[in-house]
Amino acid sequence: MNLPMFPMIIAEAYRPFMDPLPAWENGRWPWLLIPLCVAVSIVYKSARCKSMKAVFREAMGLTLTIILGMIAAAIVLGFLVRGLER
Amino acid sequence: MADQPHSDSTASPALVALAAWVLPGAGYLLLKDYARGMTVGITIILLFFFGLLIGGIRCLEVPGYDPHGHKLFSWYVNGTLNGNSVPIAHTSTEPPSSTDGARQFGWTFYEHPVEELRSKPWNIPQFLFGPMDLLCDWWAVQVARPIDPEHPSKGYVAVRSHSRVNELGILYTAVAGLLNLLAIIDSSHRAIRTEAV
């Protein structure tokens with residue numbers, strides 16, 4: 001198969017809602033957690049903040065905190081797993 | 001758009017909670033807190049449908065139906081164990097024939113709701129998203145049924161997702177429902193405070 005054509009073939013075959021998103025490669029799926037973090041932060045801060053003017057800034061700060069927390073958890077768990085494997 | 005709810009809003013907390021379940025963000029809109037309502041509503045709806053785009057519509061597991069969209073029936077028949085008569089439970093997509101001596105026959109979700117929900121627990125947070133989730137459940141059942149070989153042109157079967165993509169689809173839709181629960185509680189709490197003023 002001609003490799004440069006491969007993503008285009010997948011894109012043509014994808015039917016929204018009918019097919020799962022072709023994002024199962026290890027390098028791609030973790031990026032899909034970022035919109036989830038953004039949405040959780042926006043809704044949480046919308047409920048918490050008195051003024052909606054502060055929501056965007058507060059939500060971006062919370063998003064960054066969640067993502068950094070997940071990265072830290074991944075590093076710790078990675079070291080733990082490697083340590084247990086030895 | 002207003003940042004704070006107006007004091008002239010007289011919606012009852014129960015009505016606000018119901019509106020927030022029917023349409024995400026509508027509870028705040030009833031309290032005339034338009035900016036909050038639009039922000040919360042659009043974010044939750046986008047999150048739910050983005051989950052369906054990732055995992056496909058069939059990442060929604062509907063209680064009472066098998067993975068191929070067939071309605072599940074359950075019943076009991078009398079059997080023997082160590083010489084004693086015991087009831088044996090059956091579950092199938094086909095109703096029992098009249099000669100089986102089946103009793104307590106009915107739709108599985110009606111006969112054993114707790115077991116069905118326990119086997120498909122993500123349906124509970126997804127249900128909190130409101131009637132749009134029920135509509136998507138109906139759609140998921142419709143497109144899960146295999147195409148009739150005699151009429152291959154009719155029908156539109158959706159692909160079932162697996163692995164990480166399926167997990168992400170379920171996660172997005174379930175988190176959307178749970179965030180809507182947060183919005184339901186917060187908007188009804190604001191309605192109580194407005195009533196008390």
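This is a predicted model: local features need pLDDT of at least 70, side-chain atom pairs count only at pLDDT 80 or more; totals for chains, interfaces and linings use all residues.
Reader: Start with chain A. How many helices and strands are there in chain A?
Author: Three helices and zero strands. From the N terminus on, its elements run α-α-α.

Reader: What share of chain A counts as buried?
Author: 16% of the 86 residues of chain A.

Reader: How many residues of chain A are in contact with chain B?
Author: 22 residues of chain A, and they meet 32 residues of chain B. Helix H2 of chain A, residues 33–48, gives the largest share of chain A's side, with eight residues.

Reader: And by class, what does the side of chain A that touches chain B have?
Author: That side has 18 nonpolar residues, two polar ones and two charged ones.

Reader: Let's look at H2(A) and H3(B). At what angle do their axes cross?
Author: Roughly 155 degrees, and the axes come within 10 Å. Angles over 145 degrees count as roughly antiparallel, so that is what H2(A) and H3(B) are to each other.

Reader: Is the crossing of H2(A) past H3(B) left-handed or right-handed?
Author: H2(A) passes H3(B) in a left-handed crossing.

Reader: Which residues meet there?
Author: From H2(A), they are A:Pro35, A:Ala39, A:Ile42, A:Val43 and A:Ser46. From H3(B), they are B:Arg36, B:Thr39, B:Val40, B:Thr43, B:Ile44, B:Leu47 and B:Phe50. The contact of H2(A) with H3(B) divides into eight nonpolar residues, three polar and one charged.

Reader: Now inside chain B. How do H3 and H8 of chain B pack?
Author: H3(B) covers residues 34–55 and H8(B) covers residues 163–196. Their axes are 7 Å apart, at an angle of about 160 degrees. H3(B) and H8(B) are therefore roughly antiparallel too. H3(B) passes H8(B) in a left-handed crossing.

Reader: Which residues make that contact?
Author: On H3(B), they include B:Val40, B:Ile44, B:Leu47 and B:Phe50. On H8(B), they include B:Val165, B:Leu168, B:Tyr172 and B:Leu179. By class, the contact of H3(B) with H8(B) has 15 nonpolar residues, six polar and no charged.

Reader: What about B:Val40, where does that one sit?
Author: B:Val40 is part of the H3(B) contact with H8(B). B:Val40 is also among the H3(B) residues that meet H2(A). B:Ile44, B:Leu47 and B:Phe50 are listed for the H8(B) contact and for the H2(A) contact.

Reader: Switching to strands. What is the strand order in the sheet of chain B?
Author: E2-E1-E3, an open sheet of three strands with antiparallel pairing. Strands E2 (84–92) and E3 stand at the edges, each with a single partner strand, so one side of each is left without a neighbour in the sheet. Neighbouring strands are turned by 25 degrees against each other on average, direction ignored.

Reader: What holds strands of a sheet to each other, in general?
Author: Strands pair through backbone hydrogen bonds, either parallel or antiparallel.

Reader: How many bridges do E1 and E3 of chain B have?
Author: Three, in the antiparallel sense. E1(B) is residues 73–81. The bridge partner of B:Ser74 is B:Gly106, in E3(B).

Reader: How many residues of E3(B) are buried?
Author: Zero of its five residues, 103–107. Strand E3(B) is hardly covered.

Reader: Why does B:Asn82 count as exposed?
Author: Because B:Asn82 has 5 C-beta neighbours inside 10 Å, and 12 or fewer counts as exposed. A:Phe17 has 17 such neighbours, so A:Phe17 counts as partly exposed.

Reader: Last one. What does B:Leu117 touch, leaving out residues up to four places away in sequence?
Author: B:Pro63, B:Asn123 and B:Ile124. B:Leu117 lies in helix H5 of chain B, residues 113–119. B:Leu117 is partly exposed, with 16 other C-beta atoms within 10 Å.

Reader: How far is B:Leu117 from B:Val62 in space?
Author: 9.1 Å, C-alpha to C-alpha. In sequence, B:Leu117 and B:Val62 are 55 residues apart.

Terms used:
Residues are numbered from 1 along each chain as its sequence is written. Chains are lettered from A and ligands numbered from 1 in the order in which they are written. Helices (H or I, at least four residues) and strands (E, at least two) are DSSP runs, numbered from the N terminus. A residue is buried if 20 or more other C-beta atoms lie within 10 Å of its own, exposed if 12 or fewer, and partly exposed in between; C-beta atoms are placed from the backbone. Two residues are in contact if their C-beta atoms, placed from the backbone, lie within 7 Å. Two strands pair if DSSP finds at least two bridges between them. Ala, Val, Leu, Ile, Met, Phe, Trp, Tyr, Cys and Pro count as nonpolar, Asp, Glu, Lys and Arg as charged, and the others, Gly among them, as polar. Axes are lines fitted to C-alpha atoms, for helices over the stretch in contact, and angles run from 0 to 180 degrees between N-to-C directions. Angles under 35 degrees count as roughly parallel, over 145 as roughly antiparallel, 65 to 115 as roughly perpendicular and the rest as oblique. A crossing is left-handed if the near helix is turned anticlockwise from the far one by less than a right angle, and right-handed if clockwise.
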